[in-house]
Every structure is written in structure tokens, then in C-alpha cells.
Amino acid sequence: MADAIFSNLPTTIFEEMSGLARELGALNLGQGFPDDPGPEAIRAKAADAVLNGYNQYPPMAGLPALRQAVAAHYAQAQGLDLDWAGEVTITSGATEALAASFLGLIQPGDEVVVFQPVYDAYLPLIRRAGGTPRLVRLAPPHWRFDRAMLEAAFNERTRLVVLNNPINPAGVVLPPEDLALLAEFCVRYDVTAICDEVWEQVVFDAAVHRPLMGFPGMRQRTVKIGSAGKMFGLTGWKVGFLCAAPQISRTLARAHQFLTFTTPPNLQAAVAFGLETGADWFTAMPRDLARSHERLAEGLRREGFAVLPSQGTYFLNIDLPASGVDEADRPFALRGVREAGVASIPVSALYEEEPVTTILRLCFAKRDEVLDEAVLRLAKARDLSRARF
Ligand code: PMP
Ligand code: GLN
């Protein structure tokens, strides 16, 4: 019999919305990927590596040049002291790094603390590994957790906590006091933190991303996950970074060796080059995205939409009731793509219990014309929604 955990799952909301956008020719502000083709020098390096480089299996843990570049980047950008040889593994995207972490670290019966809204891959993978999720519900407009919420979720059976920071879909970059609070619980309950930090380079203005691994007591009990796809705006590349203390890294490497074993060597070579030469990109990319964020937010406000603050990621959120929409997020999102030609993500899809049904996520990593037209189409969707009775 098919495994109920996977056979009962719907198609993920990102694919559902992108599929509808493709089929209907709608603008796609749903799934998070940029219109910008990504840094040309890095793409040229990848092309050159395909034509003139090595195209056979690279080392299982990843190309040494890339592992060294990852350790050097995190030392410079986040003050971490990772040993590239024993603490950095290259995976096929952050998704594989997450799967390796769950398969490698969960024993059947372990409890895993997870925050809602929850990235689509976490719960199925945690359950398939035998874990029992304990959900902590974050809610707009601040999407933050507090001591009481953690007290209710952590106990003696807690083995892991999964933290996505900066938070997709909320666009929140957690402040140090929240991270310190979570670290305190990890230490108290001897819990390992799986930190999905794929958005770490995509933070705007005064916001600063801090890795949980850098907090007291966390260096030996954190798995830090990054993604070149997000760092360089090349979301199809699926080159991930899995960083942890040597003992944890050895376990994760055993899971990685039977999930994918390796990741395309040419892309690894290009990402290594990108990390070594990326200073300008890491300045320009968030600045350009912040400008796109402002353009979309201003357009939406002009049309009477209520926009929640966002300090990072490719996403901003609209509060539907405060924007004059009395329809729930999912029917409104379906109306938007089917009747007004604009795809979005209903945030309720990222809750398993007590969904927040009032928030629509929009990806602003798009050309100006697309953002401007999307605003008009969202206003049209609102008109159609109001006229539905
Ligand atoms: N985690 C989060 C929070 C994400 O937003 C994404 C993709 N955008 C991933 C993981 C997956 O990253 P990758 O494409 O490198 O597998
Ligand atoms: N991370 C992307 C998003 O949040 C989606 C990735 C995917 O479709 N698997 O839109």
C-alpha cells in the first residue's frame, strides 16, 4: 500500500500556482523566483565549466573549492568559524540539506518543534523520518514567538527545532533577542536546531541577519543550511550548503550519500567563483530588490491595499480584510489567477492547524512593468471579488 504521508499530500501550493500561471498566461507573483537572469559572470563560469571543465562525479561532500568558499563567506559575512573540511557539505539545494537533516537526525518518536507558517517540505519529511511535529503558530503582523509559546512546545522528547530565518513567507528578519530566547530553550532541552537560512543574503536596509549558530551554546548543536539559488538569484540551480559541527556533519553526510551523493560539479565551480567574487552582487542585489519592494508596495498602497512590513526575502504580504477584500486568501488567490491574470500565494497553505486565512504573499523580484501591471490586476481581482454576490 502507498505510504499515506506522501500519497495523501496535495501538489504543493508553489507548483499549483505556477502551473495555473503557465496554463492561463497569468503574471506570476506566486512562487519565489526573480525575473532578473542572475549574475552573468557566474552563469558564464558555469557554461565554461560544462564545456571545458570536469563533468564526472565530484567528491561526495562537494568540491573543495566550493566548501572553502562557503566557509570563507560565512566567516566574512556572519563571523562564523567553520572548518571547510569537516563542517561543510554541498547538497542539491537546501531541500536536500533539509531532507538529509531530518533523515539523519530524527529517531522515530522524536518531537520536532516547527513554526507555522511552515515551508512546504518540512512536515512531510519530518513525518517520513518518524518525527512528530509540535507546531508553534506565528501570526501577522509581527510573526514573532515568545517565551510562553516555546514553553508550550518544548519538552523532554524534543529532539530538533526547525527555524526558517529570514522567514518565508513573512519577510521577517528575527531580532537577536528572539534568537537568544530560542537558543536558551535549545540548550535547556539539549535540542539541535535545523536553521534554514536560505534567505540570509536577501535582507534590506537596516535589517541584519544573524545565524542562530553564533549564539551561546549553539555552535555544536546547530545545522545551518544555505542555498546558492537564493544567494545569486538562480533558483533553478539547486546548490545547497549544509554546515554543522564535525560529529553532526558525519551523520548528515551518511544521509546525503544515499539521497543524491553529489551535486553537478560545473554548478559547484560557478558558485565557488560567485562566492569568491560576489561582493558587488551582495551589495547590489538587496538594494535592487528593496527598490522593487518599494515599487510594488507603493503601487499597492495607491490602490488601497494594506501592505505588511517586510525586511527580507522576495516577498511582501497583503492583509486582505484591511485591503477591502472579504474573501479568504485561497479563493481570492484562485480568483486572481483565473479571472484577473495574476498569481500569488495564499499563506493559509503554509499552515497545518488554525490557518491564517487573511494574508496573500506576493513576490516582488520582478521587472517594473510586471509589478505595475500586477497591481492593476490585483485591484481588478478585488473588484470581481466584491461583485461576486
Ligand atoms: N527553504 C526555504 C525557506 C525556501 O524558501 C526555499 C526555496 N525558496 C528552500 C528552502 C529551498 O531551497 P532550494 O531551492 O535551494 O532547495
Ligand atoms: N521557495 C519558493 C517559494 O517560497 C518555492 C520553492 C519551490 O517551489 N519548491 O516561493
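**Entry 1: the shell around ligand 2**

I began with the classes of residue in the shell around ligand 2, and I counted three nonpolar, three polar and one charged. The model I am reading is a predicted one, and I keep that in mind for every distance noted below. I then listed the residues that surround ligand 2, which are Phe14, Gln31, Gly32, Tyr119, Asn168, Phe315 and Arg361.

Next I looked up the polar contacts of ligand 2. The side chain of Gln31 places a polar atom 2.7 Å from an oxygen atom of ligand 2, and the side chain of Asn168 places a polar atom 2.8 Å from an oxygen atom of this ligand. For Tyr119, I noted that an N or O atom of the side chain is 3.4 Å from a nitrogen atom of ligand 2. I also took the area of ligand 2, which exposes 300 Å² when taken alone, and the protein buries 80% of that.

**Entry 2: the shell around ligand 1**

I turned to ligand 1 and wrote down what surrounds it: Gly93, Ala94, Thr95, Tyr119, Asn164, Asn168, Asp196, Val198, Trp199, Ser227, Lys230 and Lys238. By class I found four nonpolar, five polar and three charged residues in this shell.

A polar atom in the side chain of Lys230 is 2.5 Å from a nitrogen atom of ligand 1, while an N or O atom in the side chain of Ser227 lies 2.7 Å from an oxygen atom of ligand 1. The side chain of Asn168 has a polar atom 2.9 Å from an oxygen atom of ligand 1. Taken alone, ligand 1 exposes 400 Å², of which the protein buries 94%.

**Entry 3: backbone points**

I checked the backbone beside Asn168 and found that the peptide bond from Asn168 to Pro169 is cis, with omega near 15°. The peptide bond from Asn165 to Pro166 is cis too, with omega near -10°. I placed Pro166 in the loop between strand E5 (158-164) and helix H9 (176-188), and Pro169 lies in the loop between E5 and H9.

I also noted Asp205, whose phi is near 50°, a positive value in a residue other than glycine. I found Asp205 in the loop between strand E6 (192-196) and strand E7 (222-227). I flagged these points for the record because most residues other than glycine have a negative phi and most peptide bonds are trans.

**Entry 4: the chain as a whole**

Last, I looked at the whole chain, whose secondary structure comes to 15 helices and 13 strands. Its radius of gyration is 21 Å, close to the 21 Å that the globule rule gives for 389 residues, so I recorded the chain as being as compact as a globular protein of that length. Along the principal axes, the C-alpha atoms of the chain fill a box of roughly 60 × 55 × 50 Å.

Terms used
Residues are numbered from 1 along each chain as its sequence is written. Chains are lettered from A and ligands numbered from 1 in the order in which they are written. This is a predicted model: local features need pLDDT of at least 70, side-chain atom pairs count only at pLDDT 80 or more; totals for chains, interfaces and linings use all residues. Side-chain values use heavy atoms; hydrogens and water are left out. A residue is near a molecule or strand if one of its heavy atoms lies within 4 Å of it. A polar contact is a pair of N or O atoms within 3.5 Å; within protein, one must be able to donate a hydrogen and the other to accept it, and residues adjacent in sequence count only if both atoms are side-chain atoms. Accessible areas come from the Shrake-Rupley method with a 1.4 Å probe; for residues, only the protein chains shown count as cover. Ala, Val, Leu, Ile, Met, Phe, Trp, Tyr, Cys and Pro count as nonpolar, Asp, Glu, Lys and Arg as charged, and the others, Gly among them, as polar. Helices (H or I, at least four residues) and strands (E, at least two) are DSSP runs, numbered from the N terminus. The radius of gyration is taken over C-alpha atoms; the globule rule is 2.2 Å times the number of residues to the power 0.38.
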